[in-house]
Each structure stands twice: as structure tokens, then as C-alpha cells.
Amino acid sequence: MVAWVPLESNPEIFNGWATKAGLDPASGQFHDVYGLDEELLAMIPRPAKAIILVFPWQEGLPRVNAENDAIKQQDGWSKVDGSVFWMEQTIGNACGPMALMHAMANTDVSFTPASPLAEFFGSPSCKPPSTPSVGIARADLFASIPAFTEINASMCNAGQSAPVSADVHPAGAYTCFVKQGGRIIELCGGRPGAIDRGPCDDLVNDVGRLVKDVFMEGIVSDGFNLMYLGEPM
């Protein structure tokens, strides 16, 4: 499997990656979520377009595997509306760019004409509905666009963390949450499809509760980080 150097969970890195790829920064930018306390969540301007979470990958793996098994038994993957954009992750360590792509694909941000993002999302493969086979086709198309590989290479060690290599698996895994049809939808390219996480009123508050009640359950490390995609400041 081809592998990329993982991205640091840093809004500056994500904004740089997205802008180089063609995101119009006037239509949306990534910002830090400073904590899950009610007062800190209340500071985030509403509505947030999407939320990206980093959680401890190794400690969270038993929960992820159990959820995957339960959803497969209930055919839960087919219960998410096909208009929700999801694609599979086929590039090692690329869960950060996958979360970034899922956030942009399922919100109202806009792209510079003729940019890599405009080319990608304008492809027939990226049109609804989402199915497992379409998710793989989208992944193949994403991997075939050299600009994405070049952009990741230019941004992967631009943050504050010590440089790493593509053959080192990061401690954290990325996943993305959006609000679609009054539901929280989780989007992770490393899972078999999009996940319905239940009713959603306020994306920020509801994802905050989900993170505390589900993702942090039984986790002893502090390897969590949150960003949101919202209006530029």
C-alpha cells in the first residue's frame, strides 16, 4: 500500500492543504476546538459545517471493530442517505486528508475553478449515490491525482510536531462528523461506509457529547483533538 506522511492535527495545516488544493478560503476554514466544556463549545460560531476528531487509534480499535461488526449485522451502512459523500481510504496514513475531503464534500464550501478539488469533485465518480463500490472508485481517483500527493508532501511536516516518515503509523486516527437530514453522520475512510450516529440538533454540542460518551469511554491517554470547519474569521 502506498503511504503518506500523516498530517498534524492543526487548523493551519488543514487550511494550507485545502487552500493549495483549491478550497476558496472565503467559503470556509478550519479552526481549533479548545475543549468539550459547555463554555468552550459555546464559543464556537454556529452553525459549524463539520467537525474533525483525532482519537487514540490503538486504544479505540476494539470499539471500532465491535461497531463495524454490529453495523454489518444490522446492514447499517445502507441506512445512511446515498447523497452523503463517503470514500474509502486506500493510502496509508491518509486519514487526515480523508477527514478533510469528507468535511468539504458534505458542506457548502466552494472551490477554485480548474483546481484539483474542483476536478475531483466534478468527476462522475463523485456524484451521488454513495455505495461501497463508488467509495472505492472515488479513492482510486483521489490517489490518481498527483497534485494531492504533492500537496500532502508539502504540508505533512509543516506543523509544530517533530517530522515523521510515511512508514510510521501515527498514534491518532482522524474521523469527520457532519449534519445531514437531522442526523449526525460519521465519515471515516477506514471503515466500510458512512455511520449514522443518531439525531442531531446542534452539531457542536451533539458531537461533543458523542466524543465524551463513546470515543473517550475507557481511554486512558489524552490523544484527542478537535477542529471544526466554519466561516472564516
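The model is predicted, so local features need pLDDT of at least 70, side-chain atom pairs count only at pLDDT 80 or more, and totals for chains, interfaces and linings use all residues. Residues are numbered from 1 along each chain as its sequence is written, and side-chain values use heavy atoms, with hydrogens and water left out.

Let us start with two helices (DSSP runs of H or I, at least four residues, numbered from the N terminus). Helix α1 (residues 11–21) packs against helix α7 (residues 146–155) at an angle of about 150°, with the axes 10 Å apart; axes are lines fitted to C-alpha atoms over the stretch in contact, and angles run from 0 to 180 degrees between N-to-C directions. That makes α1 roughly antiparallel to α7, a term for angles over 145 degrees. On the α1 side, the contact (heavy atoms within 4.5 Å) includes Trp-17, and on the α7 side it includes Phe-148.

Both residues turn up again in the largest nonpolar core, which has 47 residues; Trp-17 and Phe-148 are among those with the most contacts inside it, as is Ile-52. A nonpolar core is a set of buried Ala, Val, Leu, Ile, Met, Phe, Trp, Tyr and Cys residues joined through side-chain atoms within 4.5 Å, where buried means under 20% relative accessible area (1.4 Å probe, protein chains only). Helix α4 (residues 95–105) gives the most to this core, with seven residues. Because 10 of the 11 residues of α4 are buried, this helix is largely enclosed by the rest of the structure.

Definitions and conventions. Parallel < 35°, antiparallel > 145°, perpendicular 65-115°, else oblique. Buried < 20%, exposed > 50% of the residue type's maximum accessible area, 1.4 Å probe, protein only.
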